[in-house]
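Colleague: Could you walk me through how to read a few features of a model like this one? I would like the general idea and then the case at hand.

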Protein chains: 2
Amino acid sequence: MVHYSESTNISPPLSGGQLDIYRKQASFKLQNMRIAIEDPERTAIKMKVWTYLESDPAYWPTNKILSSDEEKHKTAKLLEKFRNSKLFDSLHSWDYKTRTRYLITLNQAVEMLNANLSIKFALGVSLFANALLCLGTQRHLKYYKDVWSGKILSCLAITELAHGSDTKRLKTTATYDHLSNELVLNTPNIGAAKCWVGNLGRQSTHALLFAQLIVDNICHGLHAFIVPIRDPETLIPYPNITVGDIGEKDGLHGIDNGYVIFHYYRIPKECLLNKIGDINENGEYETAFTNPQELLGAALESLSAGRVAILQESSNTLIKAIVIAVRYSAQRLQFSDGEGNELPILEYQTHQWRLFPFLAASYAFKSFMHDFDEQYINVVADSREGRINVAHLPQMVKGIHAIVCTTKALITWTTQTAIQECREACGGHGYHKAAGFGDLRSNHDPRVTFEGDNTVLLQQTSNWILRLYNDPDLDSEMFPLSEVSFIKNKDIVLQRKYRNDVSIISDKFIMETYEWLICWLSKSTLEKMNNLRKQQKDKFLIRNQTQVFKARTLSLVFAEFLILTYFIKKCKSCSNDVRPVLYKLFNLYGLWSLHKHLAVLYQGGYCEGPSFGEGLSEAVLRLCSDLKPEVVALTDAIAPPDFVLNSILGCSDGKVYERLMEAFNLPDATANFNEDSILLQSKL
Amino acid sequence: MVHYSESTNISPPLSGGQLDIYRKQASFKLQNMRIAIEDPERTAIKMKVWTYLESDPAYWPTNKILSSDEEKHKTAKLLEKFRNSKLFDSLHSWDYKTRTRYLITLNQAVEMLNANLSIKFALGVSLFANALLCLGTQRHLKYYKDVWSGKILSCLAITELAHGSDTKRLKTTATYDHLSNELVLNTPNIGAAKCWVGNLGRQSTHALLFAQLIVDNICHGLHAFIVPIRDPETLIPYPNITVGDIGEKDGLHGIDNGYVIFHYYRIPKECLLNKIGDINENGEYETAFTNPQELLGAALESLSAGRVAILQESSNTLIKAIVIAVRYSAQRLQFSDGEGNELPILEYQTHQWRLFPFLAASYAFKSFMHDFDEQYINVVADSREGRINVAHLPQMVKGIHAIVCTTKALITWTTQTAIQECREACGGHGYHKAAGFGDLRSNHDPRVTFEGDNTVLLQQTSNWILRLYNDPDLDSEMFPLSEVSFIKNKDIVLQRKYRNDVSIISDKFIMETYEWLICWLSKSTLEKMNNLRKQQKDKFLIRNQTQVFKARTLSLVFAEFLILTYFIKKCKSCSNDVRPVLYKLFNLYGLWSLHKHLAVLYQGGYCEGPSFGEGLSEAVLRLCSDLKPEVVALTDAIAPPDFVLNSILGCSDGKVYERLMEAFNLPDATANFNEDSILLQSKL
């Protein structure tokens, strides 16, 4: 168990035990690094949330396994408490940007302590409220007020039993009935049952439903509807709806995921969220193309907002995992050197190589997320308020979508790999529930397939890059196209080759090599597509057969490049004190990532002979070694308070064996050894 | 829920739903493949065990989450029932080989249904009984009888709170007291508390303890002792012992892992398992070097037996995961081709590439395990009975140890990766508890760090290969050295280069390339070691700094090579009907594994230019495509009965949506849609 007092203040220097030996070796001041890596305003929001959560024992984490009924009950109670906290008091007086920044930061803080609560709140309140503003109109404002005041609780119903990724195939229909001026919701077959809907299993009073809108036998595609599900007073479902809990899952046991089947269930026409399309007074479908900015802005947000949250949550999960593993490694002794001294396992090259690249990735992802979501909020706000040139909007929306898709895949997969590597790097004790890895893994796991399956999302990004690759009009000055402006010079980029006199450990080498990789993989993918086209293959087949080793790799390489682009800006703009170590992290993340593409670099002729591969490998190992004196302080700079980290192996006070004893239920063990040992010794 | 009837007979052809469309496409007879891949005698043992387990509802799996108290209670009750089953009636009349083969096959069958029960039984009964025979003498036979008759329950106490991998550093002592002729067990400090000991938390009456034996102030190293822990009647712990449960874990919730602290706890001298070393009547330590064969045979078994079981269990876990994913993929439709037909996702190249190599790995691992554990049992039996030349034994023991260490790492890691890939390939539904992946992952997870941490084990194997690399006397005819006889010709092997006229899809190419990889990585590792030696680095540092990209890769490459060596023998010796498809699986596993080392092949000059990498990639994809008509039948040939597979997504009857509905608690949904739909349709 982690002590709850004294841990909330993130600003003071941390100290304790063997960790201090490493802390003293760091080249930078902790406070400077904290400021460099996170806007103090955001840190302050997080601290406010954590202080509130710590002040009430109901929020304190336990490591006891509860039945999923108990977990759901507990999460529901916490949500009620949380909604009534003072954290939202000023919210509705703020402008869009301030409110959004506050909510996404609050979401991160809550998620780091309790993933169930943050998801239940997001699905039930904040994402729903946001979707109402984006997709609804004046007539839906009452729901906005009701959900914030706690009168209703929502959920987002999209996925169907037999269809997830291919949203065009979703079968639930909302058919307009001229006679009654109502919409009739129907589930045509069991495969169309909405399922996996968080909060719907037991609690939701309303669903934000996505269904095919049919007016006069014409299907107008997916639209969003607000659908009453249960009586808010009694929670009894309305007639003509079959609704229930989908049962046990592998994690997130506090969320009541549910299903719903509609049996020609009637709702008022006004339940259609009608900003994008509406049914007019004559019962005809019409789209609101009079204001395309709003339309696109709304589409942008409803497409990407959930994924941006996933990116942040994944980055934070990665941080938790690596903080635990690095801190424990600095205290755990195994094997001894030539002189018989037992060494902390942090001293071993293999261990450094297993962990430090993930620490570098934590900093890289955090830099990217921090600046990208500022840009994202700005773009959405600007588009809502008409400050963006209408002609540019479609390109911006597509570009942001492409960035979000591939970074979602890269960041969620990297985090997943990191959790496992960190758990193993902690040895057997890493399997104890109080170490924290099991819950991190189980709760992170759905992120790789929900809000778009990673494998499918990667295709969206590669399609976008491949279109740009052959676009002579590529407008390079506008975000986010500015990030890929080098593609204009693809012919020059492709002529690059590694020269022995170039320093591998440099941002110039890393970024130029990534540019070459993106151009070469684009070219190679297009060539394969052309070959298949010559064989008379159809478009569908061509796309499917150019993913593996080609378009898929291209997408992931592009994600790494993007993250490095943001990270290098951070390195260049930060204070002198922290710049050298941030550069080392940049170089390590860049070269470690490049190392995974070493075969492509050889295959494409970017390099040849043994020295390049050898040099790249040695550079990675040298950077790991160079970073060793810094890593404990680097974890301090990104770690949440011990209360939030909630791991016996990762506390900042360096008392790992005391906490292990506590978690293992070893009662008063220290007392036993201090007194009894001596007593018993004399008996022998 | 899986139906329990009709599923136990593994021999008849399977049928049902959309799976049959693929089943009909297979080129081989199911029965022939089953016989080719598993000795029918072993299959019969498994069927006997499964039939027994299915006959009693107490053993039936549930997908309900129990508290860990409930899980422990349930597992303890099942163990009692299982010990009293008729499965062990003839056991003690059989010879060593028959008994061992029976027990390891039985263990596999039980583990595939209930990992908790198999572990509890192994630690509590079979591994303990086996260790007694290996390490004990006549005076310990009473424990052997007692543990089989259920009078006592054991556990294996090795790991300490602060030491796991480095067994030399274990601190628990057993000091001989001349006056009383007793051994005094002591835990000198809290870091020496034995922990993670399965069965010890609540139930064990006896522990097989490993502690430092001290006689007359001289430490003779780790020895094994039988230590009474609790009164078998009351389960009350004896005085001067602190024992308890270590608390919640990330999986295996049915096992009561415990800790124990000894406070100068006295046991009779006869509790020392004295086959290897003993304290004689004069109170002097002596080792029984009069019979080195027995000594080494015993050491061999106690070192490797647990790991061999882990290899088998991992292979079986991999089989369960891939069977579920392939069967579901054959039924799950997503997206549509140019003509609007929705396709099973098995048709997509990306999906094939994600899954089929793991199916190939399942066959490769199963072939390896099947034949290697026969060899292993034979060697142990031969050494026990004095049929092996004494001069050869040390080399054999080291060789088997080297094989087990690296294949343990490769197989457990591959299985871990496969579980995750399969879970993701099943999309969101893969996250439902009834899909089965969550439990597979949680229960598999400890295998990568227990019985030797994979990273540490890999070093044992690379040390062994590097010694052989420079050994001019390498005796190549004797198992297991025969497996590495090509090293004698290293100078010729290292001159190999890929030539364009060679067919990549061939066992000749694959095996020769692996030989080159092993020689090149050995040479490259030794060169790096020599460079460090010239810089005056000490031996400890040199070893640590030549693991990453060098010795570690060498070990893993060697494991792949070994598994391919066994697999190709299987391909060559099997019946004509199944040979072509087994060759395809061999080629896919071989080339997919080689693809991971593509950068090394370029770096070392084995190949150059774009065509090799391109060719290797295309070969992998072509084999995936070639195997598509076979994969459903291939899963049928290795799948356990549905009752044991216990996954809503993986049943052999192809009724995936019916089972999903059941698991999701959709009540009578089919009825609703057959009648109500029509009824309601008319109302609209």
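Modeller: Happy to, and keep in mind that this is a predicted model. Let us begin with B:Asn646, which has a relative accessible area of 15% and is therefore buried, since buried means under 20%. B:Asn646 sits in the loop that links helix 21 (642-645) to helix 22 (656-663) of chain B.

Colleague: What is the phi of B:Asn646 near?

Modeller: The general idea comes first: most residues other than glycine have a negative phi. For B:Asn646, phi is near 55 degrees, a positive value in a residue other than glycine.

Colleague: Which loop holds B:Glu451, and is that residue buried, exposed or partly exposed?

Modeller: B:Glu451 belongs to the loop between helix 11 (437-444) and helix 12 (454-469) of chain B. With a relative accessible area of 35%, B:Glu451 is partly exposed. Its phi is near 50 degrees, again a positive value in a residue other than glycine.

Colleague: Let us turn to sheets. In what order do the strands of the open sheet of chain B come?

Modeller: In general, the strands of a sheet pair through backbone hydrogen bonds, either parallel or antiparallel. Here the open sheet has 3 strands in the order 4-8-7 of chain B, and the pairing is antiparallel. Strand 4 (194-197) and strand 7 (241-245) of chain B are at the edges with a single partner strand each, so each has one side without a neighbour in the sheet. On average, neighbouring strands of this sheet are turned by 15 degrees against each other, direction ignored.

Colleague: How many bridges pair strand 7 of chain B with strand 8 of chain B, and how many join strand 4 of chain B to strand 8 of chain B?

Modeller: Strands 7 and 8 (residues 258-262) of chain B pair over 5 bridges, in the antiparallel sense. Along that pairing, B:Gly244 has B:Tyr259 as its bridge partner, and B:Asp245 is opposite B:Gly258. Strand 4 of chain B is joined to strand 8 of chain B by 2 bridges, and these strands also run antiparallel. On that side, B:Lys194 has B:Val260 as its bridge partner.

Colleague: How many residues of strand 8 of chain B are buried?

Modeller: Strand 8 of chain B is mostly covered, with 5 of its 5 residues buried. You can read this face by face: B:Gly258, B:Val260 and B:Phe262 are buried on one side, while B:Tyr259 and B:Ile261 are buried on the other.

Colleague: What about chain A: where is A:Thr242, and is A:Thr242 buried or exposed?

Modeller: A:Thr242 is in strand 7 (residues 241-245) of chain A. Its relative accessibility is 17%, so A:Thr242 counts as buried. The A:Thr242 side chain makes a polar contact of 2.6 Å with the side chain of A:His263.

Colleague: Where is the kink in helix 6 of chain A centred?

Modeller: The kink in helix 6 (residues 115-135) of chain A is centred on A:Ala122 and amounts to about 50 degrees. Of the 21 residues of helix 6 of chain A, 19 are buried, so this helix is largely enclosed by the rest of the structure. At its start, a side-chain oxygen of A:Asn114 comes to within 3.1 Å of the backbone nitrogen of A:Asn116.

Colleague: Last topic: what rotation superposes chain A on chain B?

Modeller: As a general idea, two copies of a chain are related by a rotation about an axis and a shift along it. Chain A is superposed on chain B by a rotation of 180 degrees with 0.0 Å of shift along the axis, at an RMSD of 0.0 Å. The two copies are thus related as by a two-fold rotation axis. In chain A, A:Ala599 has the C-alpha nearest the axis, 2.1 Å from it. Both copies use the same surface, as 99% of the contact residues of chain A recur in chain B.

Definitions and conventions:
Residues are numbered from 1 along each chain as its sequence is written. Chains are lettered from A and ligands numbered from 1 in the order in which they are written. This is a predicted model: local features need pLDDT of at least 70, side-chain atom pairs count only at pLDDT 80 or more; totals for chains, interfaces and linings use all residues. Side-chain values use heavy atoms; hydrogens and water are left out. Two strands pair if DSSP finds at least two bridges between them. Helices (H or I, at least four residues) and strands (E, at least two) are DSSP runs, numbered from the N terminus. Axes are lines fitted to C-alpha atoms, for helices over the stretch in contact, and angles run from 0 to 180 degrees between N-to-C directions. Buried means under 20% relative accessible area, exposed over 50%, partly exposed in between (1.4 Å probe, protein chains only). A polar contact is a pair of N or O atoms within 3.5 Å; within protein, one must be able to donate a hydrogen and the other to accept it, and residues adjacent in sequence count only if both atoms are side-chain atoms. Copies are superposed by least squares on the C-alpha atoms of residues with pLDDT of at least 70 in both. Contact means heavy atoms within 4.5 Å. The bend at a residue is the angle between axes fitted to the seven residues ending there and the seven starting there.
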